[in-house]
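Okay, thanks for making time, everyone. Let me put the model up and then talk you through a few contacts in it.

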Amino acid sequence: MNRTVLSFGGTVVALAAVTGLATLWAPDEAAESGDSAKSAAHKPVERSTLVCPRPTTSDVAETSYTAFTPKGGPGEKGSAALYPAELADSEAPQGPGSDSKDDKDGKGGKGGKDEENDGGDKDSKGDDSKKGDNGRTDGKPTEEQGGTDGKKDGKKDGKPFLSLSSPGTPVTEDTSDPKAPALTGTADGPFAPGWTVQQTTSISAGAGRGLQGTSCSAPDTTFWFPGASTAEDRQDYVHLTNPDSTSAVVDLELYGKEGKIKAGGGAGEGITVPPRSTVPVLLSTLTPEPVTNVTLHVTARSGRVGAQVQASDRKVGGDWLPPAATPSPGAVLPGIPKDATSVRLTVFAPSGHDADLTVKLAGRSGLISPAGHERLHVKAGMATTVDLKDLTQGEAGSLVLSPAEGDAEAPGIVAAARVLRGKGDKQESAFIPATQPVHKRATAADNSEKGSTLSLTAPKGEAKVRVTASAGSGGGSPKSTTVTVKAHTTTAVTPPRPAGGKGTYAVTVERLSGGPLYASRMLEREQSGLPAFTLQALPDDGSTVAVPESAQDLSVLNDD
């Protein structure tokens, strides 16, 4: 009988290398410097995977991509590249601007192309993650990958749409192609820790006009989207993108103020997302009648996907609604602009137990309670929405939701807020979800000379933060500044610009000491009198994995 001995530390590092796993603690543990975090060493991840959704189908749109990895990753050799994903399920509605909002036949249920392998299992997913995102060890796309006829279409020639040449310097790419594809890709070696890609689209007219931005995200098996909608004025599409070489099978569930919304005919169940493909699903095809505020739950029953919701409104523009942080007893929604004219908060309790919350705004001077909304009762399994109006009153802030009785065992919640700026027919909307804290570092790409604002929130204790501008895409050198965020406050910061820099640049936020830190970034551009803007929460970039310093014997007994 052979005895194979594995150390726990080695096992964790190996898992991190193939999954991109970065943290093994609960959200507040590392931020509060608990004993378990102190006793662990931190190792950089060796591989990261990102998914960027299809940006738009509008003929009057411009999309820019900015990719960046901070310096300091392990090793000398590596790469970071994004490749086009194939558009699957061509019979389903394909996105805003497709004129198919009322096509109830395109409900997406049982969607996707027929595949011989219609799902795979968790083991096949794990094996695939050890290869390239397309299941090949060379990391190049297969002949199945499609492209478009426009600029940088990444056709079947194996060339990436966007790739990094060196850590520390951002790379950009632009397209005006209405058929621009979704993107998937991996980074390894020194490019993996903190690899960040920003996708920003400017739409000059039509539903969703304004600025739409999202940080390309890691694939996963479950996502929550409070604040989605199937209202008549909204077109909300969930984009499901599979980066792997085996199909994923996905279920969609919607919850309104009365509970789970039943879709007829099995719509939303068993949606097949073929390998290296993307499937957009129009949410209004999953409800028998329009519902203004819903919470969407995306679950991959096999495989994994990236999931993002694109919300387009005929009256107030639109933006990407990112997934909310995993359910927890409290939540922080950082970065509500000082000139917000409306804030609509949606909270959902998925655990089967009601939640009672206190609602506070962490502003420049401290915590305040919005009049008439000091407490919020959230019934289990029902989307609860409250209109907080213009609660910032000229002072940037962050929403802080806490268990009303301070109970650490209170039920978990998910939350997000829709934010409006402007008045009358010159209004624009964006979304800010509850987000994870910045344990060590977060990165926001696609910053330029004007229009970027960071919001830094310390809901418990004072936090010391370093903000660094990278070199520009056209040259220059990094520049840093240190910011102290007082306890229970939000500080709005204009990030520094790179010394002698040209082009776009990335901004990193590093928590140096103190209590938990939450961050977001707002991009704004005036567009024919419209206050166009987009908000991105900045959770920790997952650049390290915590490994216990003392090895633990995880023996595996072999019968041979």
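**Strands and salt bridges**

Start with L240: its bridge partner in β17 is V279. Before I go on, this is a predicted model, so local features need pLDDT of at least 70 and side-chain atom pairs count only at pLDDT 80 or more, while totals for chains, interfaces and linings use all residues. Residues are numbered from 1 along each chain as its sequence is written, and side-chain values use heavy atoms, with hydrogens and water left out.

Back to the strands, which are DSSP runs of E, at least two residues, numbered from the N terminus. β13 pairs with β17 (residues 277–282) in the antiparallel sense, over six bridges; to pair, two strands need at least two bridges found by DSSP. Both belong to an open, mixed sheet of five strands, in the order β6-β17-β13-β19-β20. β6 (86–87) and β20 are at the edges with a single partner strand each, so one side of each has no neighbour in the sheet.

Now the charges. How many salt bridges does a search of the whole structure find? Twelve, counting a side-chain nitrogen of Lys or Arg within 4 Å of a carboxyl oxygen of Asp or Glu.

Take E428 and R209 for one, with the closest N and O atoms 4.0 Å apart. E428 sits in strand β29 (residues 426–433) and R209 in the loop between β10 (196–203) and β11 (210–215), so this pair ties together parts 219 residues apart in sequence. Buried or exposed? E428 is buried, at 0% relative accessibility, and R209 is buried too, at 12%. For the cut-offs, buried is under 20% relative accessible area, exposed is over 50%, and partly exposed is in between, with a 1.4 Å probe and protein chains only.

Next up, D233 and K315, where the closest N and O atoms are 3.8 Å apart. D233 is in the loop between β12 (222–228) and β13 (234–242), and K315 is in the loop between β19 (306–313) and β20 (317–321), so parts 82 residues apart in sequence get tied together. Here D233 is partly exposed at 30%, and K315 is exposed at 56%.

Then there's D244 with R304, at 2.7 Å, N to O. D244 is in the loop between β13 and β14 (248–256), R304 in the loop between β18 (294–302) and β19, and the two are 60 residues apart. D244 is buried at 2%, and R304 is buried at 9%.

Conventions:
Helices (H or I, at least four residues) and strands (E, at least two) are DSSP runs, numbered from the N terminus.
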